[in-house]
Amino acid sequence: MNNSRRKFLSLSLGALVPLFAVSGCSQLFAPPYVPEGKTLPSQLNTPTILSKINATRAANGRRAWSYNAKLARAAQTHARLMVSRGTLSHDLGGKLRERVNVTGYVGALGENLAQGQSSLEGAIEGWLNSPPHRATLLSDKFSEFGLAGASGGSSSSTYWALIAGGDMALWIN
């Protein structure tokens, strides 16, 4: 698939903290570590998701995140909604905070979205090659996450949603 069809969106509390305040900014220009494989949305399971995301974080000197079922549920709902509408957007079904509040999750939030990558590894690679997405994926201010991929529906594209969460106090100066 050509790069013109691949899209990414990132949303985080970056407005409160300068984007490049994430430690390890020198890694922004290093070739990214990308986990091996071609994991399709239909092949996703919690151990695989944890392994791929945490291997990526470890390769970049970051501690592992835990998997949060509430964030995963919000990510799955959003990925499916993007497929059904054929649109990559943070605002389908409400703003991130509204979408996650429905699950009962309380805490700071960040979100990476992607469209057009057929595999989880492709979405991770795209996020790593985009400074705002990389900052969210490698942030030490988040401690847990949920991730989902979806394809089919009225769209011929695959959509990915990663929602990171953590202690709100870490975002307050």
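Five salt bridges hold my attention today, and that is how many this structure contains. By salt bridge I mean a side-chain nitrogen of Lys or Arg within 4 Å of a carboxyl oxygen of Asp or Glu. Note that this is a predicted model: local features need pLDDT of at least 70, side-chain atom pairs count only at pLDDT 80 or more, and totals for chains, interfaces and linings use all residues. Residues are numbered from 1 along each chain as its sequence is written, and side-chain values use heavy atoms, with hydrogens and water left out.

Start with D140 and R62. Their closest N and O atoms are 3.8 Å apart. D140 sits in the loop between α5 (131–137) and β4, and R62 in the loop between α1 and β2 (66–67), so the pair ties together parts 78 residues apart in sequence. Helices (H or I, at least four residues) and strands (E, at least two) are DSSP runs, numbered from the N terminus. R62 is buried, at 10% relative accessible area; D140 is partly exposed, at 34%. The cut-offs: buried is under 20%, exposed over 50%, partly exposed in between, with a 1.4 Å probe and protein chains only. R57 joins R62 and D140 in a salt-bridge network.

Next, E111 and R99. Here the closest N and O atoms are 2.9 Å apart. Both residues, E111 and R99, are buried.

Now D91 and K95, at 3.2 Å between the closest N and O atoms. D91 is partly exposed, at 44%. K95 is partly exposed too, at 48%.
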